Amino acid sequence: MNDEYETLVMNSFEDCAKLSSSNIGERKILLDIRSVSKNEDRRRILDVVTGLCIGRKCQIRTFNANGEFLIIPNKLII
């Protein structure tokens with residue numbers, strides 16, 4: 001299995017525009033929302049990402065409690 005992943009850093013909810021050009025569903029992505037200061041914006045970002053994961057048949061898992069999440073395509077799930 002290939003352990004390479006793309007890191008996607010979000011600084012605010014407006015950065016969700018980055019998601020349209022990301023490889024969600026094609027490769028592992030480490031989503032980093034640690035620099036998002038508002039809890040409401042963190043929830044909104046996770047709502048958008050969760051919707052993308054459902055639509056692209058991926059899983060999202062907590063990488064650490066600080067605000068990093070691993071998005072894993074269905075084909076790489078063991």
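Which ring does the charged end of arginine 44 sit over? I found phenylalanine 13, with the charged end 3.7 Å from the ring centre. I count a charge as over a ring if NZ of Lys or CZ of Arg is within 6 Å of the ring centre and within 35 degrees of the ring normal.

Ground rules next. I am reading a predicted model, where local features need pLDDT of at least 70, side-chain atom pairs count only at pLDDT 80 or more, and totals for chains, interfaces and linings use all residues. Residues are numbered from 1 along each chain as its sequence is written, and side-chain values use heavy atoms, without hydrogens and water.

I looked up aspartate 41 in helix H1; helices are DSSP runs (H or I, at least four residues), and strands are E runs of at least two, numbered from the N terminus. Aspartate 41 is buried at 13% relative accessibility (buried is under 20%, exposed over 50%, partly exposed in between, with a 1.4 Å probe and protein chains only). Beyond neighbours within four places in sequence, aspartate 41 contacts Phe13 and Val36 (heavy atoms within 4.5 Å).

Then the core. The largest nonpolar core has 15 residues, and Met10 and Leu19 are among those touching the most other members. Such a core joins buried Ala, Val, Leu, Ile, Met, Phe, Trp, Tyr and Cys through side-chain atoms within 4.5 Å. H1 gives the largest share, three residues. Methionine 10 also touches residues including Asp15 and Ser35.

Last, lysine 57. I found a positive phi of about 55° there, though lysine 57 is not a glycine. Lysine 57 lies in the loop between helix H1 (39–55) and strand S3 (58–64). Lysine 57 is exposed, at 57% relative accessible area.
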